[in-house]
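Reader: Please take a close look at one helix pair in this model. I would like the geometry, the contacts and the setting in one connected answer.

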Amino acid sequence: MAFTPVRLKIHRFARCSAKWRCKNVNGWRMTDSRPIEWGFFRQPEKYFQYEKQEKSMRNKKKQAIRQNRIDSIMQIVRHHAQIWDTEREILAHKIIDAFYDTQLGNGIGFYEANAHDDYSPDWQMWRSKDERIYWEKILAMVNQNCPYPQQFHPMSAFTFMDNLGRHFALPCYLLWELQGRDYFTCYHLASAYSTNDLPLNKTQQIVLFEFVQFMSHLYQQNADDVNLAEWDKVHAHLSKQFMYFQAA
């Protein structure tokens, strides 16, 4: 039975799509009656616009989540600060942004460090209570005097952490210092025991440099030679410890 002209065209189109592709590869002239694959091969980006849009939406969502978290931390820092100004605001934002992705992982956190300090046999129980993802929770608990200060004091906790724990806790200590809370941060930062193997990336080292510069300048303005000398020791020590401990 003979095909009608319309059916014949569809039939040949369907059965000869591979043949059409071979002709295109060999540089033969194309007609307008070609399979959709031709559009994909010639302009594949048009067929993946939805992937770009989804990726863009995911990136915007991540950025919104990041900004919301940073704003929340900044609100905590401002609210509980004993003294605050524009310079502290800018530096605090840099610290939060630099340590945003820092997590405790398998390191020794605040509760476990305090348990080791007290020679507690229940250190594993306290370890299970440690925050391991969001370091700002520790910042908030200490600022609100609940419940962390009932179990440890920040002055000694830093000493009994490992390098991962100190890395996770460092932004808290820097922000506490900006708030006017003295937890012996300068003594910890001037100690090789506390800073050896501290896994700071380039951005974090630069921010730490800016923080130390700010503290030194602060005590220089106040003519506080004792504290100025301590922060000068920190600067000298960290300059040898970290490659990127310098101005950006």
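Author: Helices (H or I, at least four residues) and strands (E, at least two) are DSSP runs, numbered from the N terminus. The model is predicted, with local features needing pLDDT of at least 70 and side-chain atom pairs counting only at pLDDT 80 or more, while totals for chains, interfaces and linings use all residues. Residues are numbered from 1 along each chain as its sequence is written, and side-chain values use heavy atoms, with hydrogens and water left out.

The protein has 14 helices and 0 strands, so its elements read α-α-α-α-α-α-α-α-α-α-α-α-α-α from the N terminus on.

In contact terms (heavy atoms within 4.5 Å), Arg-88, Leu-91, Ala-92, Ile-95 and Ile-96 of H5 meet Pro-171, Leu-174, Leu-175 and Leu-178 of H10. These residues divide into 8 nonpolar, no polar and 1 charged, where Ala, Val, Leu, Ile, Met, Phe, Trp, Tyr, Cys and Pro count as nonpolar, Asp, Glu, Lys and Arg as charged, and the others, Gly among them, as polar.

Leu-174 is also one of the residues touched by Leu-189, which lies in helix H11 (residues 185-189). Leu-189 counts as buried, at 2% relative accessibility.

Technical notes. Buried < 20%, exposed > 50% of the residue type's maximum accessible area, 1.4 Å probe, protein only. Lists of a residue's contacts leave out its neighbours within four places in sequence.
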